[in-house]
Amino acid sequence: MSAYLLQLSAGASLEQARFAIGQIPGIKVVSGNPIFTTARQSLGSLLWGVGAFAALLILALLFVVTLLFSAIVQERYREIGMLRAMGARPGQIIAITLLESVLITGAGGVAGVAFGALLIFFAARSMGFYFESLGVPLDGPPDEFIVVAGVVCLVFGLALGVVGALFPGRRAIRLEPAQMIQMDGA
């Protein structure tokens, strides 16, 4: 064994235990810094808070994308009604709506990932120069991690767009083609 983790009983003093164990020959006492423990616990709580905020943000984004595609589909009720009257199947109408959502959210996702990569690059360079002037090395996240995170964000954005466009598309195919042709846009 190279190390032992000891838990002291209630009322035992850390200094007394350290002194008593230090008296044994061949044993070196090393104890953790309570500041690091407190910081680690605080960062764990902060991570949960950030995760909850991100989940609420994603739910809000889903709501916004659904509203956006609801307006897009409503503006095109006449066109959708004409397509349905000419023989387009409901699955084809949904496919067109989902394709448009993939194109729009994909373009937004690519722009967002590119902007995020630029921010990471400029922050790493400016902070790197600053810390280098202080003599402190600064290592950013590995390039592979940034690429994987960008791809995950892009795929997640595409999925959000597809789910957000699916509800308005399904609602549009439930209407009769003649009724849709007579409707005014939003």
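Which way is the crossing of helix 4 and helix 5 handed, left or right? It's right-handed, where right-handed has the near helix turned clockwise from the far one by less than a right angle, and left-handed anticlockwise.

This is a predicted model, so local features need pLDDT of at least 70, side-chain atom pairs count only at pLDDT 80 or more, and totals for chains, interfaces and linings use all residues. Residues are numbered from 1 along each chain as its sequence is written, and side-chain values use heavy atoms, with hydrogens and water left out.

| Pair | Angle | Axes apart |
|---|---|---|
| Helix 2 (34-75) and helix 5 (143-173) | about 45 degrees | 8 Å |
| Helix 4 and helix 5 | about 150 degrees | 7 Å |

Helix 4 is therefore roughly antiparallel to helix 5, a label for angles over 145 degrees. Their contact (heavy atoms within 4.5 Å) divides into 16 nonpolar, 9 polar and 1 charged residues. Helix 2 passes helix 5 in a right-handed crossing too. Among the residues making that contact are F69 and V73 of helix 2 and A172 of helix 5.

Those three names come back in the largest nonpolar core, which has 14 residues. Such a core is a set of buried (under 20% relative accessible area, 1.4 Å probe, protein chains only) Ala, Val, Leu, Ile, Met, Phe, Trp, Tyr and Cys residues joined through side-chain atoms within 4.5 Å. F69, V73, Y77, I80, I93, A172 and M180 have the most contacts inside it. Helix 2 gives the most, with 4 residues. Leaving aside neighbours within four places in sequence, I93 touches I80, L83, R84, A88 and I173.

Notes
Axes fitted to C-alpha atoms, helices over the stretch in contact; angles between N-to-C directions. Helix = DSSP H or I, 4+ residues; strand = E, 2+ residues; numbered from the N terminus. Buried < 20%, exposed > 50% of the residue type's maximum accessible area, 1.4 Å probe, protein only. Parallel < 35°, antiparallel > 145°, perpendicular 65-115°, else oblique. Nonpolar A, V, L, I, M, F, W, Y, C, P; charged D, E, K, R; others polar.
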